[in-house]
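Please keep the sequence and the 3D view at hand while reading.

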Amino acid sequence: MSELQSINYLQLCAIPDLCNKNFFIPEYQRGFRWGDTQIRQFLEDTYSFIYENNADVGSFYCLQPVVVKKMTEQDVYVNNLESKDDNNVWYEVIDGQQRLTTIRIVLALEKLIDRFNKMHFNLYYKTRPELGRLFDKFIIVEEDDKFFVKYADTLFSDIDSWHILNAANKILTWFQNGSKFFHPSLQEFKGGYFENFSNTKDKPKSVQVIWYELRDKSDPYDMFKRLNDKSISLNNAELIRGMFLSDSAIYKCDEQLLAQFNDEVRPIVEKREQARKQSHIIEEWDIIESQLWDNKFWSFIKKDNTTGTYSCRIEYIFDLISKKTSDQKDSLYTYLEFDDMIKSGSVKDLWDLWIIVETYFSLLKAWFKDPYYYHKIGFLTTELGASVLIELLSESSKTSKAKFKEYIETKIQDVIHDRKKPGRRILDYNYKDDYSMLKRVLFLYNVESTYQQGLEFFPFDKYKASDWTLEHIHAQNSERIDHSMKDKWLEWFEENQKALERLHGRIQDDENLSELLTNFNKEYEKLKSNKDKYTFKDVTLVFDLVLKYFNDLSAKEGKPTVMHGISNMALLSGSTNSSIGNSVFEVKRQMIMDADARGEYIPLCTRKVFLKYYNKDDKDFTVQQNFYWSDRDRRHYLDDIKSVLKTYIDAEETKVED
């Protein structure tokens, strides 16, 4: 977001840091509208944090950002704003009004229970000035042994007042009734809960907000519109950008450099060095962000090729550095981790932290350009996501190149072996029992084949643009034919008729084929002429006749096809698989050739299967039959799988009988 420049100010504020400040809610803001869901989530999140026992000392729960801009004296005067607090300094709230109002309600409720509590801050709503006074008009009433809040007078009868009062009662009700996860009490609200909720930052636990103050010349309303655009949000990337580029950022200057200057000049040198480093970060940030929008690179480092929640893709690099896992629910986790790295001293200063960013990116870019790392790591990332990149980036920094490659190979071997079934061999995987593992192995087979062929890089971007399924190379049975969609039956008859007639044109003296084709055409005419009376049982009988014929052809050459084994499986996109249906090999071959000709992505090994390129070393390769998947075809295919994946298949597995 280009509007977030270095002049802006960013820090973490505990609840006491907000107190005695004055907040102006402009007319472009909608009224307070947090309902049951938002209030409940707010209470459950803060309550669970406060009462968990394993939190580190100094830990805090972080609320979403509050974006403000200090108002000029002229704006304060024009809006007739007066306050005894903070020397009448006012902040225009650009984002975070709902959170501020909820915090203010909690403070008001505590004041009702504890008369000595004076914690507050002022809210002035431009469109309804009297709202700012209602927090002091709360009174508690008791009905049926339950406490509720109402207003001391009837002045507040508008919809905004109702929503604020409703939120206050939701908070009281939650503490009196609890939930299915928590069993709080009103006593806890004025005790342990509020005590921790209102802690200062130096206490073991506290609730904090990210304070983002605009100090540049940007217009608050323009910023409001940008922040409320669904495609733009104040995310980790922008918060971290503010961390690196704010005027308050601290960059330690080289002591040897400073030693060359006297005390008067040193501050100038330090300021110049900070400006130089920040200028470098701005330039490199843009370069990194631009290169991450190369979809081939993005698809290599990301489990899928979608942008997802990343409006700034550099945030993904930050997530890798912070070791953010997929189950981490805190949307600001990465920013908070970066902040902790600085405060805890795990990095010397912001410059050292930025060097880590550049190092991570440079390493990923180097892997992307190297055929070995591209294919191996690209496979692992596709299967395991960011977690494996976090592991690999860590491992690469502490081991030799040879050891790192061993680590990668071991990782791949772990991915394709089913650890839930010890002793289960890869070549024994089958369609029915090991579907996901078999699909994973065939994906690796395609990636490794592309790598070993050495002519191109595997297109992870194209692969990730589709959903992939396993397809039987040789048709299995009629189970997969749709039971009710008769248009699909017509399509099946049409395509298989073409295949049978092409085959009959080559072997006209085959009486079995002639008889099959005659019966097939009769049934096809029946379906076309009287579709309503044609049944699924009729289709099944025809299918079984066709399948039997091709099974018999295949059996003449050797063993019958292992129907659900790896030697009869190929990867196809879901859309292509659906259109092919449960047709004979020649139909599938023709459809895949048509899809390939149209420019659709067909994986390398799938294309080689249906073009029968695995038979290239046979003497009759140029005149081979293309009408069915024979035992010879299957053996050649299986031999190639064994050869390509030999690094990952145990030596004993390669001896498995074909």
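Contact means here that heavy atoms lie within 4.5 Å. With that in mind, and remembering that this is a predicted model, one can begin with a helix pair: N236, A237 and I240 in α8 meet I314, E315 and F318 in α12. By class, the contact of α8 with α12 has four nonpolar residues, one polar residue and one charged residue. Helix α8 covers residues 236–245 and helix α12 residues 314–322, and the two pack at an angle of about 80° with their axes 9 Å apart. Angles of 65 to 115 degrees count as roughly perpendicular, and α8 and α12 are therefore roughly perpendicular to each other.

**The sheet**

Six strands make up an open sheet of mixed pairing, and their order is β1-β8-β3-β4-β2-β5. The edges are held by β1 (9–14) and β5 (122–125), each of which has a single partner strand, so one side of each is left without a neighbour in the sheet. On average, and with direction ignored, neighbouring strands of this sheet are turned by 35° against each other. Within the sheet, strand β3 (residues 59–70) and strand β4 (residues 90–95) run antiparallel and are joined by four bridges; on these strands, K69 stands opposite E92 in β4. Helix α2 (residues 36–51) packs on the sheet, where it touches β3 and β8 (205–214), and the direction of α2 makes about 130° with that of β3.

**Helix α2 and its partner α5**

Besides packing on the sheet, α2 packs with helix α5 (residues 159–177) at an angle of about 45°, the axes being 10 Å apart. The two helices are therefore oblique to each other, and α2 passes α5 in a right-handed crossing. On the side of α2, the residues involved are D36, I39, R40, L43, E44 and Y47, which meet N166, A167, K170, I171, W174 and F175 in α5. Sorted by class, this contact of α2 with α5 has seven nonpolar, one polar and four charged residues.

**Helices α10 and α14**

Another pair is formed by helix α10 (residues 266–292) and helix α14 (residues 350–369), which pack at an angle of about 25° with their axes 11 Å apart. That angle makes α10 roughly parallel to α14, and the crossing in which α10 passes α14 is left-handed. In this contact K277, H280, I281, E284, W285, I288, Q291 and L292 of α10 meet W351, W354, V357, E358, F361 and K365 of α14. These residues divide into eight nonpolar, two polar and four charged.

The helix pairs described above can be set side by side as follows.

| Helix pair | Angle | Distance between axes |
|---|---|---|
| α2 and α5 | about 45° | 10 Å |
| α8 and α12 | about 80° | 9 Å |
| α10 and α14 | about 25° | 11 Å |

**Helix α18 and the residue after it**

Helix α18 (residues 435–453) consists of 19 residues and reaches 27 Å from its first C-alpha to its last, which is close to the 27 Å expected at 1.5 Å a residue. Just after α18, G454 takes a positive phi of about 75°.

Note on methods: Residues numbered from 1 in each chain as written. Predicted model: local features only at pLDDT ≥ 70, side-chain atom pairs only at ≥ 80, totals over all residues. Heavy atoms only, no water. Pairing = 2+ DSSP bridges. Axes fitted to C-alpha atoms, helices over the stretch in contact; angles between N-to-C directions. Parallel < 35°, antiparallel > 145°, perpendicular 65-115°, else oblique. Left-handed = near helix turned anticlockwise from the far one by under 90°. Nonpolar A, V, L, I, M, F, W, Y, C, P; charged D, E, K, R; others polar. Expected span 1.5 Å × (residues − 1).
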